[in-house]
Amino acid sequence: MIQLNWLNESIDGWRIQILATTDRIKMEDVKKEFLIRYPNIPINWIHSKPYYKLQAGAYATKLEAIRLLHELKQTYPSAYPAKDQNINPREFVGL
């Protein structure tokens, strides 16, 4: 089944959203800080006008994402799990 997923361009999954802001500079600053604190956790951003959203990880299930959420809540108290319908299978953590 995993091999079939590699053929799909994108699939549903979960990420942890740590920031949503209209200020791109703030988003870039938080991203830099995140990469220093958590160098092994992948992070990306999307621009959904008017917001820049900073999201960490890529997980197949909400339960897997919540494990990361507990760790990130210490530094980013407003973080929450976010459904993402556009994850490349190669992004999934742990595969």
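This report walks through the fold of the protein shown above.

## About the model

The model is predicted, so to speak for local features a pLDDT of at least 70 is needed, side-chain atom pairs count only at pLDDT 80 or more, and totals for chains, interfaces and linings use all residues. Residues are numbered from 1 along each chain as its sequence is written, and side-chain values use heavy atoms, leaving out hydrogens and water.

## Overall make-up

Three helices and four strands form the secondary structure (DSSP runs, H or I of at least four residues for helices and E of at least two for strands, numbered from the N terminus). Starting at the N terminus, their order is α-β-α-β-β-α-β.

Of the 95 residues, 35% are buried (under 20% relative accessible area with a 1.4 Å probe, protein chains only). The protein exposes about 6,300 Å², with 52% supplied by carbon and sulfur atoms (Shrake-Rupley method, 1.4 Å probe).

## The sheet

The four strands make an open sheet in the order E2-E3-E1-E4, with antiparallel pairing (at least two DSSP bridges between two strands). Strand E2 (43-48) and strand E4 (80-87) are the edges, each pairing on one side only.

E2 pairs with strand E3 (residues 51-59) in the antiparallel sense over six bridges. Here isoleucine 43 stands opposite alanine 56 in E3.

## Helices on the sheet

Helix H2 (residues 24-37) packs on the sheet and touches strand E1 (11-21), E2 and E3 (contact: heavy atoms within 4.5 Å). The direction of H2 makes about 115 degrees with that of E1 (axes are lines fitted to C-alpha atoms, for helices over the stretch in contact, with angles from 0 to 180 degrees between N-to-C directions). Helix H3 (residues 62-72) lies across E1, E3 and E4, at about 25 degrees to E1.

Definitions and conventions:
Buried means under 20% relative accessible area, exposed over 50%, partly exposed in between (1.4 Å probe, protein chains only).
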